[in-house]
Amino acid sequence: MADKQTYAPGSHPDLPPPPGTIGIVGWLRTNLFSSVNNTILSLITIYFLYWLIQSVAGWFVLDAVVDASSRAECREIDSGACWAVITKRIGQFVYGFYPHAERWRPNVAFVLLFVAVAPLLYPKTPMRRQLLWFSAAYPFVAYFLICGGILGLPEVGTNTFGGFMLTMIVGVTGISASLPLGIALSLGRQSRLLSVRVISIAFIEFMRGVPLITLLFVASTMLNYFLPPGTTFNLLLRVLIMVTFFASAYIAEVIRGGIQAIPKGQYEAADAMGLNYWQTTRLVTLPQALKISIPGIVNTFIGLYKDTTLVVVIGLLDPLGIGRAALADAKWNGLSTETYLFVALFFFVSCFAMSRYSLWLENRLSTEHK
Amino acid sequence: MDFLARIWRHEESRAVVIQILVILAVFGSFGWLISNLVTNFAALNKNFGFDFLSQPAGYDINQTLVEYTNRSSHLRAAFVGLLNTFLVAVFGIILATIMGVILGIIRLSNNWLARNVTYWYIEFTRNVPILLHILLWHGIIINTLPRPKNAYNFGDISFLTNRGFYVPEPIAETGIAAVYLAVVAAIVFAVFFKRHAKKLQAETGRQLPVFGVNLAVLIAVPALAFVVSGSPVSFEYPVLKGFNFKGGMHLLPEFVALTFALAIYTAAFIAENVRAGILAIHKGQREAAEALGLRPGRVMSLVILPQARRVIIPPLTSQYLNLTKNSSLAIAIGYMDLVATLGGITLNQTGREIETMLLVMGMYLIISLSISMAMNWYNSSVKLVDR
């Protein structure tokens, strides 16, 4: 036959791949319908997604009301979500009761925060060395910007702080103050000195063993008993101290993991070089331990950031507090789903961004073969 | 001066000096705090003591697992609160483990759609604060479920309303002991049968249908005992009377919201632990098992999971611990747990801030430390032995 052509070994031209293994059909087959079980799972998921989109999308967007002055008015306009409870109070959700005219100050502090953390988080930042000085000075800059009282900035009381601004303040202060304390505790836990070790372990285990909410109760109700009579103490400051103690115990455990991961040879080499304890710690232990524990530190930070919502229980007005105040208003009574979903979305966006960063960092630091 | 400098330069004596200084500093600051406390208490005419625990509490608790009235003591109230904490923790842990394991396995499925839907679900759940979960679910139950009058009705025996869930309450009658006995007997049989089958397989290579037989025994024996002893369980059904349901078991909206929120939040973390544990097993293990001709189910149950368990259990335990500690947020929605009774109402009524908070913290510390001790013991028992 004419088409029965013969080929020398190795000279046959490549045939196209069998139909159904490439392109969209091939992708669908391998990823969604490769077996009976897989097909069932796919169909269930598709049905679930259909149900979700159909029942939720309408409520969320299509039937939702953005502008109204009360819940009753919302219901008159449409049947979906009443986002007006958010839009009417968006200023409070962001700044709390911070004076209107001064709101540019937290804004500036927020932008500067990114300038300050960029050289810490991203090693290829241009002018990194110079910027690190700014990072060190940032806490003071931010404090004076937000609280005022110098350079002609009017003073603003901490009782006006609220909303997402308060979340940022508690979170950022908590993590930056707990980092040095956490490092000290982790070194203390590994110390050769018995008393230092026992005290560090006791502190860490106590802080990790009790819920944060009980510590906040201590800060709000009974800290005054332990201070000289007549001392008055800002509630926000008390909360910040407790949050710092709490976070530092967790950070200490993360860094301890980093310290324990350093091979023994490193210490032996340091000893052989004649370095003393502090030199070894500063030049050998900490640089390596901190580097490997950065992802863990970021995760601790995400946890702390989420835990800042607990301050609502002792009466500070974080976004949840603002939301609950709005719900207590007779006009907006009963719109809890909208309010809490909005706050949830804010936390999701910021925490998800941070966890992606930590993942990126883990990949960059990992020296494993892929 | 020269003498001091010499002590400082000598390493061992310096260590002693530092330790003495540290101890002095710590005890000094504790002493300072306590002397302040004494001064403040004297100024306020307060005294320190736990005698308030035996006084009548004077407040009601809406969910009590043991007998309690508002004439019971504060100690009793705290005990009721502690039991409520345990109740939420136990149900939360069971639910969270089941959901977490399922999610973790789907997360590794080769089905693109299911994998990605689960991924986004997990990311959303775990990146939202737990307090928000609790308030959100509580709000949904309170604000969107119907009033008792138009409750969601499940076959006239269970009802979902905004005042909580009503389900039939099983009531044990005489003869129930036989059923309990049958359950115990079935479990004992199952354990021994499994051991026997394992031994048989190790000796002769013969496999017995362990799972099927055990399942049949576990279902059939108690069922038989139930029928023979004349169905010694009756149910009390909830009935709508006036504006609310009477009878049956009433699950408070606070309890449902709290359990559900804790379970959903923790399940997302457990799912990631399960996934990481399975991924941590070296690829070669699976390939070797497949090369031996094991079926996929056996590869999972005989090779992957026993090894993954070692990786999964420690983080799993700390998730359980987190769940228990997070249950203290119950106070935000008014579920009467340990913090809400002892650290909430009792504190406000008696004004004993220090004593009550000490007790609450001590209770949580005992729970935490005993769980982590158990975890350390388990860790050392499953650790790979280096030879």
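**Figure 1. Helix 3 and helix 8 of chain B cross in the right-handed sense.** In this predicted model, helix 3 of chain B spans residues 74-107 and helix 8 of chain B spans residues 253-279. Their axes lie 6 Å apart, and the two helices pack at an angle of about 40°. Because of that angle, helix 3 of chain B is oblique to helix 8 of chain B. If you sort the residues of this contact by class, you will find 16 nonpolar, six polar and two charged.

**Figure 2. Helix 8 of chain B also meets helix 4 of chain B, here with a left-handed crossing.** Helix 4 of chain B is formed by residues 112-126, and its axis comes within 9 Å of the axis of helix 8 of chain B. The crossing angle is roughly 125°, and the two helices are therefore oblique to each other. Helix 4 of chain B brings B:Ile122, B:Thr125 and B:Arg126 to the contact. From helix 8 of chain B come B:Ile264, B:Tyr265, B:Ala268, B:Phe269, B:Ala271 and B:Glu272. The class count for this contact of helix 4 with helix 8 of chain B is six nonpolar, one polar and two charged residues.

**Figure 3. Four strands of chain B build an open sheet in the order 1-2-3-8, with antiparallel pairing.** The edges belong to strand 1 (152-154) and strand 8 (249-251) of chain B; each has a single partner strand, so one side of each is left without a neighbour in the sheet. From one strand to the next, the twist averages 15°.

**Figure 4. Strand 2 and strand 3 of chain B make a hairpin, with two residues between them.** Strand 2 of chain B covers residues 158-161, and its antiparallel pairing with strand 3 of chain B runs over three bridges. Look for B:Leu160, whose bridge partner in strand 3 of chain B is B:Phe165.

**Figure 5. Strand 3 of chain B pairs with strand 8 of chain B in the antiparallel sense.** Strand 3 of chain B consists of residues 164-167, and three bridges join it to strand 8 of chain B. B:Tyr166 has B:His250 of strand 8 of chain B as its bridge partner.

**Figure 6. In chain A, helix 11 and helix 13 cross in the right-handed sense.** Helix 11 of chain A takes in residues 235-260 and helix 13 of chain A residues 277-307. Their axes come within 8 Å and cross at roughly 140°, which means that helix 11 of chain A is oblique to helix 13 of chain A. Residues that helix 11 of chain A gives to the contact include A:Val243, A:Ala247, A:Tyr250, A:Ile251 and A:Val254, as well as A:Gly257 and A:Gly258. On the side of helix 13 of chain A, look among others for A:Thr285, A:Ala289, A:Leu290, A:Ser293, A:Gly296 and A:Leu304. The contact of helix 11 with helix 13 of chain A has twelve nonpolar residues, six polar ones and no charged ones.

**Figure 7. The contact between the two chains takes 45 residues from chain A and 48 residues from chain B.** On the side of chain A that touches chain B, the elements giving two or more residues are helix 2 (36-62), helix 9 (194-209), helix 10 (212-222) and helix 15 (336-365) of chain A. Which of these helices gives the most? Helix 15 of chain A does, with ten residues. By class, the side of chain A that touches chain B holds 30 nonpolar, 14 polar and one charged.

**Figure 8. Both chains are divided into domains, with two in chain A and three in chain B.** The centres of domain 1 and domain 2 of chain A, taken over C-alpha atoms, are separated by 40 Å. For chain B, the assignment gives domain 1 as 2-44, domain 2 as 74-129 + 253-382 and domain 3 as 172-232. The C-alpha centres of domain 2 and domain 3 of chain B are 30 Å apart.

Terms used: Residues numbered from 1 in each chain as written. Chains lettered and ligands numbered in written order. Predicted model: local features only at pLDDT ≥ 70, side-chain atom pairs only at ≥ 80, totals over all residues. Pairing = 2+ DSSP bridges. Axes fitted to C-alpha atoms, helices over the stretch in contact; angles between N-to-C directions. Parallel < 35°, antiparallel > 145°, perpendicular 65-115°, else oblique. Left-handed = near helix turned anticlockwise from the far one by under 90°. Nonpolar A, V, L, I, M, F, W, Y, C, P; charged D, E, K, R; others polar. Domains from an automatic or database assignment. Contact = placed C-beta atoms within 7 Å.
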